Amino acid sequence: MDDWQRRVDAVWAAASDLGDQAVIERIDLLVAELPADDSRGPFEAAGARDSAGLEAEAEPRYRRALELGLSGRARVEAHIQLASTVRNLGRREEALVLLDGVRDDAGDLADAVEAFRALALASSGRTDAAASVALIALAPHLTQYRRAVDAYARELLAPAPEDDTTTP
């Protein structure tokens, strides 16, 4: 890890004590040290604004970071954070597309991707699907009942059997 990233991480570690505006200001100062085409800059600037609840300001910065070729874990983080942002801006289906775009590359962030998928589904009114996604992600972490929880979670998405009873 380079010195620049250590200083960024220090700002994030102190974020609760600093407050939103100070985090934005400090991150922006660090971003100004980078070349304009360094994808880390808009990614960190987006995160600072997103954390402060300024989703409309965060969105174009996330998109710029991705356009500049943000890669690896940071790319997955950007997709998660951008998906959360667009969900908060009312674009739930777009959030799902963004999350689906990194599912195969998520690595240790796979559960985070699924958590944000569940949130987007719930925000879309698809509560059974949201519960299913969340429970399927949770099941492998259980010490007991893994198979049962996984199976029941998958049943939430199964079509209901047709009522074939007849009335006399």
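Which helices each supply at least two residues of the lining of the largest pocket? In this predicted model, where local features need pLDDT of at least 70, side-chain atom pairs count only at pLDDT 80 or more, and totals for chains, interfaces and linings use all residues, the helices in question are α1 (3–13), α4 (40–51) and α6 (72–88). Residues are numbered from 1 along each chain as its sequence is written, and side-chain values use heavy atoms, with hydrogens and water left out. Helices here are DSSP runs of H or I with at least four residues, numbered from the N terminus.

The pocket comes out at a volume of about 230 Å³. Its lining counts 13 residues, and W12, F43, E44, E77 and Q81 sit closest to the centre. A pocket, in this search, is an open set of points on a 1 Å grid over the protein atoms alone, where a 1.4 Å probe fits and protein lies on both sides within 12 Å along at least five of seven lines; a lining residue has an atom within 4 Å of a point. Points are joined across faces, edges and corners, and the volume is the space filled by probe spheres set on them. Helix α4 gives the most to this lining, with six residues. Sorted by class, the lining holds four nonpolar, four polar and five charged residues. For that sorting, Ala, Val, Leu, Ile, Met, Phe, Trp, Tyr, Cys and Pro are nonpolar, Asp, Glu, Lys and Arg are charged, and the others, Gly among them, are polar.

Now for the charged pairs. Side chains of opposite charge can pair when their charged atoms come close. A salt bridge is called when a side-chain nitrogen of Lys or Arg is within 4 Å of a carboxyl oxygen of Asp or Glu, and the whole structure has 20 of them. One joins D38 to R40, with the closest N and O atoms 2.9 Å apart. D38 is buried because its relative accessibility is 16%, while R40, at 25%, is partly exposed. The cut-offs are under 20% relative accessible area for buried, over 50% for exposed and in between for partly exposed, with a 1.4 Å probe and protein chains only.

Helix α5 (residues 55–67) holds both R63 and E59, four residues apart, or about one turn of the helix. Their side chains meet in a salt bridge at 3.0 Å, N to O. E59 is buried at 13% relative accessibility, and R63 is partly exposed at 27%. Together with R91 and E94, these two residues are linked in a network of salt bridges. R64 and E67 also lie in α5, three residues apart, and their closest N and O atoms are 3.6 Å apart in a salt bridge. Here R64 is partly exposed at 38%, whereas E67 counts as exposed because its relative accessibility is 60%.

Elsewhere, L135, L138, L156 and L157 form a nonpolar patch on the surface, with about 320 Å² of accessible area together. Such a patch takes residues with over 30% relative accessible area and no salt bridge, joining nonpolar side chains (Val, Leu, Ile, Met, Phe, Trp, Tyr) within 5 Å and like charges within 9 Å. Areas come from the Shrake-Rupley method with a 1.4 Å probe, and for residues only the protein chains shown count as cover. L156 lies in the segment after α10 (146–155) and is partly exposed at 34%.
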